[in-house]
Amino acid sequence: MIALTLLMTFSAVSASAQSKDRRKSFKSWDNYEITTEKVGVDGTKFVKVWGFGKTVDAATMAAKENAVHACIFRGIPGNSTAMSTPPICPNPDTLASHEDYFNTFFAPGGPYLAYVSMTTDGVPSGTDRRKVKGGYKVGIYVQVMYDNLKRKLEADGIARKLSSGF
């Protein structure tokens with residue numbers, strides 16, 4: 001009986017810690033830079049986005065995640081040549097209410113990569129590659145397949161279709 005109680009206690013602590021780690025990683029998404037570079041091909045957004053990582057490759061992958069995350073949750077700021085783009089999911093509770101979906105979607109090598117076309121050639125260098133405490137900060141140019149991403153989230157019941165009313 002005591003062993004069962006201890007097992008249940010450690011399981012609960014472990015699950016709680018894992019959930020906190022995931023939420024912490026989602027929270028870190030609030031800390032990235034993204035700018036609209038120019039008008040992209042129809043249905044796409046062309047942006048410069050920054051990512052952090054222990055290696056240049058990890059920072060580049062983080063930047064790709066950040067680009068897709070911005071399209072879904074933050075929106076993309078405008079500039080003199082392109083209007084701002086609102087987020088696909090403007091409800092701030094969407095991430096929390098579909099946490100399992102987004103854990104899978106943004107997993108390493110996950111489905112989010114199908115909506116990213118990296119347009120930076122080669123490994124970022126110069127001012128787009130900075131050594132920072134704990135690793136690297138990397139800026140890359142990315143074309144996000146915005147319309148395809150939006151259709152996917154609508155089909156999966158994550159985003160509301162415009163035709164569904166308000």
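This is a predicted model: local features need pLDDT of at least 70, side-chain atom pairs count only at pLDDT 80 or more; totals for chains, interfaces and linings use all residues.
**An aromatic cluster and a central strand**

Let me start with Phe-102, which counts as buried because its relative accessibility is 0%, where buried means under 20% relative accessible area with a 1.4 Å probe and protein chains only. Phe-105 is buried too, with a relative accessible area of 3%, and Phe-106 is likewise buried.

Residues are numbered from 1 along each chain as its sequence is written, and side-chain values use heavy atoms, with hydrogens and water left out.

The structure holds nine aromatic pairs, a pair being rings of Phe, Tyr or Trp (its six-membered ring) with centres within 6.5 Å, stacked if the planes are under 30 degrees apart, edge-to-face if over 60 and tilted for the rest. One of them joins Phe-102 and Phe-105, edge-to-face at 6.4 Å centre to centre and 85° between the planes. Ring pairs link Phe-73, Tyr-101, Phe-102, Phe-105, Phe-106, Tyr-112 and Tyr-115 into a cluster.

Turning to the strands (DSSP runs of E, at least two residues, numbered from the N terminus), β2 covers residues 45–53 and has seven of its nine residues buried, so this strand is largely enclosed by the rest of the structure. Strands pair if DSSP finds at least two bridges between them; β2 runs antiparallel to β1 (residues 34–38), with four bridges, and antiparallel to β5 (residues 135–144), with nine bridges. Ile-34 stands opposite Val-49 in β2, whereas Phe-52 stands opposite Lys-137 in β5.

Notes
Buried means under 20% relative accessible area, exposed over 50%, partly exposed in between (1.4 Å probe, protein chains only).
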